[in-house]
Amino acid sequence: MNIKTGLLGLGLMMAVSACIDLGGDDEDDSGGASGGGATVERISFNGLVADGYLANATVCLDINENKKCDADEPSTTSVAGGAFEISDATQEQRDSFPLLVEVVVGATVDEDTISEAAPAGVAFSKPLTLTAPVGYEFISPLTTMVQSE
């Protein structure tokens, strides 16, 4: 009976010790001198962009907060209905940086302009940038004013 109790106790200790986080650097994706190799979990999140719904606009997390969607920032292109999905961000980035929308001149369409004469809508002829505070999933002129405050 003592052997069974000892093995049970040993098994419980092993199970508990496997659950303890010793504070390793598994969140570090810098690839620095610590040996790298650790990865950070990427997340996906959805949202909408509207000034009338905007299709074919660039949407990004503005990580360096320069009010531009840079090539190294998590980004995507909005589709019909203004919907977008960013799938290459980390939760820390999502919780720390604002969303930014850049109208692509000649390509981004305000769906309020769709008509019989322009069934695909009228593309923007001037640049426009919209933004939203950290954590928002909807970007519009109103969220841009909120972000500016």
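Modeller: Two strands are taken as paired if DSSP finds at least two bridges between them. The model is predicted, and what follows describes that prediction.

Begin with strand S6, residues 99-102. Strand S3 (residues 58-61) pairs with S6 in the antiparallel sense, over four bridges. In general, strands of a sheet pair through backbone hydrogen bonds, either parallel or antiparallel.

Thr 144 is placed in helix H3, residues 141-148. The Thr 144 side chain reaches the backbone nitrogen of Thr 131 at 2.9 Å. That side chain also reaches the backbone oxygen of Ser 140, at 2.9 Å. Thr 144 counts as buried because its relative accessibility is 17%, and the cut-off for buried is under 20%. Pro 133 is 11 residues from Thr 144 along the chain, with 7.9 Å between their C-alpha atoms.

Back at S3, the loop that runs from S3 to strand S4 (75-77) contains Glu 65. Phi of Glu 65 is near 50 degrees, a positive value although the residue is not glycine. Lys 67 is found in that loop between S3 and S4, and its phi, near 65 degrees, is positive too. For comparison, most residues other than glycine have a negative phi.

There is also an open sheet of three strands, in the order S2-S7-S8, with antiparallel pairing. Its edge strands are S2 (54-55) and S8 (122-123), each of which pairs on one side only. Strand S7, residues 109-110, pairs with S8 over two bridges, and Asp 110 has Val 122 as its bridge partner in S8.

Last, the aromatic rings. The structure holds zero aromatic pairs. Arg 94, however, lies over the face of Phe 45, at 4.1 Å from the ring centre.

How values were computed:
Residues are numbered from 1 along each chain as its sequence is written. This is a predicted model: local features need pLDDT of at least 70, side-chain atom pairs count only at pLDDT 80 or more; totals for chains, interfaces and linings use all residues. Side-chain values use heavy atoms; hydrogens and water are left out. Rings of Phe, Tyr and Trp (its six-membered ring) pair if their centres lie within 6.5 Å; planes under 30 degrees apart count as stacked, over 60 as edge-to-face and the rest as tilted. A charge sits over a ring if NZ of Lys or CZ of Arg is within 6 Å of the ring centre and within 35 degrees of the ring normal. Buried means under 20% relative accessible area, exposed over 50%, partly exposed in between (1.4 Å probe, protein chains only). A polar contact is a pair of N or O atoms within 3.5 Å; within protein, one must be able to donate a hydrogen and the other to accept it, and residues adjacent in sequence count only if both atoms are side-chain atoms.
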